[in-house]
Amino acid sequence: MAGPQIVAVASGSPAQRAGLQPGDEVAAIGGESPRDVIRWQLLSNGARFPMEILRDGARFSVQISKRDGEPLGAEVDAAVFDGVQTCDNHCEFCFVHQLPRGMRRSLYLKDDDYRLSFLYGNFTTLTRFNELDYERVVSERLSPLYVSIHATDPDVRAAILQNRRGAVSLRWLRLLLDAGIEVHGQVVVCPGVNDGAVLEDTLAGVLDRFAELRTLCVVPLGLSRYNRQPRMRLHTSAEAASVVDLVEGWQSRFLRALGRRLAFLADEYYLMCGRGFPDDDHYEGFDMHEDGVGMARAFHAQFTVQGREPTPPRSGFFSWVDGAPADGYRAPRHGSPDPQPADPAVADPQAVPSSCGELPGDGPEDRPHVVPVALTRRRPGRDAPVAVLTGTLGAAVVAPLVASLDRSDVRVLPVENRFFGGNIGVTGLMVGSDLARVLAGQPEGDRYLLPDVCLSRGRFLDGTSPQELPRRVEIIATHGQALRDALECG
């Protein structure tokens, strides 16, 4: 098993004082080879410990001395060092199976790893979970975890996952809840498969068997134009309305029985059936914001209420394999510990900072790391017209907010996702080729605001970068306050 490789060392840190360098491979900490970044953090949390290093073919030991709990100041290259636990389910709705050819290899890796669930909010089915995994989760309190449920009927769940272990793997969910581990559940609703009576039975099963779940998000399946599964199809408006009615009915039952709503609908359902979003209080803290639950309402509140705390960022669908911090979505998103990354190739070459001088936000934790680049294109003036780039679903949320400003110089540019096609319209899956197509028909000299959620290490999912776009763009953080600040600084 290869050990973690150090990619950056913070100036003046204990790691630098001990002589650690980018490129070093850590073979052991205190005699133990860490298998993942979780163990790395625990082993490096003490005040004094030896570290075995491999450098240029030589192995030697260094002694780390620091205050107990003080950060080591070394950034590693990955979240897991012993290999990702891959998924052996064959779900018909799996989005990884719906990707076009020619993308980066890492995007095609399906994981079912509880460690990535803890670090990044990835959903695990628990079909590969075992006794050793359970003991570690409980002893190290790896909480919260995120579990794909889809159906509580054993036979239905096994059929959905196309894995016979799916019929029994929810026993681990019961044990985790019994041990006090916080768990968020998910149901991906496929029309004609697990909606209607099956969804009713699933919600009843959750109340009966898994009422301690922190939340249960109910989301529609995403279908790209590369889907080849004949049973998978898009919801009709009437089907979406039926799902909304069913879940809202169960929210009332949960509220009476448990004192909380427990189950929440993804924003897409309200958009699909043309209904307004519930009020802020309905979402009980926006726990599943990044799964598209309450994202529109949170964005609205951040845009309209000055000083509203932005919802904490989490890495998106693919970000754990392509540029997310190795420490997980809880880590700051503004770059490595050292202001000068060890390798410029892994810096975030975002296009340009905001015209106000830096990206808006409440503090460094709320801003992506931005490296200005020298472009021959002229920077737009502060009085230039502004265009907000967003996905087609995001446009339905952003356009009314922009219209409320009553400014003729601001417009919303919806970007149709032709790269993935199907019903893919979320802003986080926008790619450079689609943005380039839209921007090519737009005037030069305008300000174009691009949310950072569609970028990972400065690149879109199709491998292109903002520098390749035909118009200069400004990268802003993906929350309502950031958009409001960017518009007001013009």
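**View 1. Salt bridge between R67 and E70.** The side chains of R67 and E70 form a salt bridge with an N to O distance of 3.9 Å; the term denotes a side-chain nitrogen of Lys or Arg within 4 Å of a carboxyl oxygen of Asp or Glu. R67 is exposed at 59% relative accessible area, whereas E70 is buried at 15% (buried, under 20%; exposed, over 50%; partly exposed, in between; 1.4 Å probe, protein chains only). The model is predicted: local features require pLDDT of at least 70 and side-chain atom pairs pLDDT 80 or more, while totals for chains, interfaces and linings use all residues. Residues are numbered from 1 along each chain as its sequence is written, and side-chain values use heavy atoms, without hydrogens and water.

**View 2. Salt bridge between E212 and R174.** The closest N and O atoms of E212 and R174 are 2.9 Å apart. E212 lies in the loop between α7 (196–209) and β8 (215–220) and R174 in helix α6 (residues 170–178), so the pair ties together parts 38 residues apart in sequence. Helices (H or I, at least four residues) and strands (E, at least two) are DSSP runs, numbered from the N terminus. E212 is partly exposed at 45% relative accessible area, as is R174 at 22%.

**View 3. Open sheet β2-β3-β4.** Three strands form this sheet with antiparallel pairing, where a pair requires at least two DSSP bridges. β2 (25–29) and β4 (58–65) stand at the edges, each with a single partner strand, so one side of each lacks a neighbour in the sheet. Strand β3 (residues 48–55) pairs with β4 over eight bridges, and F49 has I64 in β4 as its bridge partner.
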